[in-house]
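Hi everyone, thanks for coming. Let's take a few minutes for the pockets in this one, and then the core.

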Amino acid sequence: MKRLTSVQLKEFLDTKANQFNNPRFIEHDPVSIPHQYKLTQDIEISGLFAAILAWGQRVTIIRKCKELMAMMDNDPYRFILHHREHDLKPLERFCHRTFNGTDALYFVHALKELYTRHASLEEIFLGGPEPTVEQGLVRFHHEFFRPPDHPHRTRKHLPTPERKSTCKRLNMYLRWMVRRDNKGVDFGIWKKLSPAQLICPCDVHVDRVARKLRLIKRKQTDWQTALELTGNLRKLDPADPVKYDFALFGLGIEGGW
């Protein structure tokens, strides 16, 4: 692909972002899982699970997320707070890729502890005086694994910038929770962070397309790569750089990139 000027690049990505950022996107994406709910906490919990499990084919991800929500009686917030020991038995059998019953049970345990102390997960992610995405991801990881008896294997399912991870699935989750427009895909229910502060999820599709468009020069793909990509996207739209996640991801799944 020939090199685009900054004006051409913005026009191209704006067009693609508008193409994919619409309600038709929801049905075939993991974001469809939290769209089943209205209560803030239900959206937060189902969205977190959908983001964490967003690994592999989207059809399979959505099916496994629906299976997990059914195990929680399709009432995740109530289940998290009020489940009894026997209610947890089905979760022992849950498995998606390397996320298994041990992980599912710990997530339920950790979320119950967090919601006992906080009305919303936003208070944990973005509870500092001047919250940033990086600080929020680190803070959430520490709080989530505060219990000393947590299963060590589960830590890999909740990445952190401290380990140089791109945190792609959690950045996608934050996009869902923070970004707000009138398109209907993202929820915009968290207000302590502005869309301008978000970091672009850097999954395999986004990474590949972004490199072809020369939005990434860094050779490896890590937290600094996500920052580099987002910095270049901010040059195109300082107020809402992560809207281009729709464009880059959409181009990636279209093929030819």
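I'll begin with the second largest pocket, whose lining divides into seven nonpolar, three polar and seven charged residues. Here Ala, Val, Leu, Ile, Met, Phe, Trp, Tyr, Cys and Pro count as nonpolar, Asp, Glu, Lys and Arg as charged, and the others, Gly among them, as polar. Please keep in mind that this is a predicted model, where local features need pLDDT of at least 70, side-chain atom pairs count only at pLDDT 80 or more, and totals for chains, interfaces and linings use all residues. Residues are numbered from 1 along each chain as its sequence is written, and side-chain values use heavy atoms, leaving out hydrogens and water.

A pocket is an open set of points on a 1 Å grid over the protein atoms alone, where a 1.4 Å probe fits, with protein on both sides within 12 Å along at least five of seven lines; lining residues have an atom within 4 Å of a point.

Now, which residues lie nearest the centre of the largest pocket? They are Ala54, Gly56, Asp203, His205 and Phe249, out of 21 lining residues. By class, that lining has twelve nonpolar, two polar and seven charged residues. Helices H3 (58-71), H8 (168-178), H9 (204-212) and H11 (244-254) each supply at least two of its residues.

Finally, Leu248: beyond its neighbours within four places in sequence, Leu248 is in contact with residues including Leu13, His205 and Leu229, contact being heavy atoms within 4.5 Å.

Terms used
Helix = DSSP H or I, 4+ residues; strand = E, 2+ residues; numbered from the N terminus.
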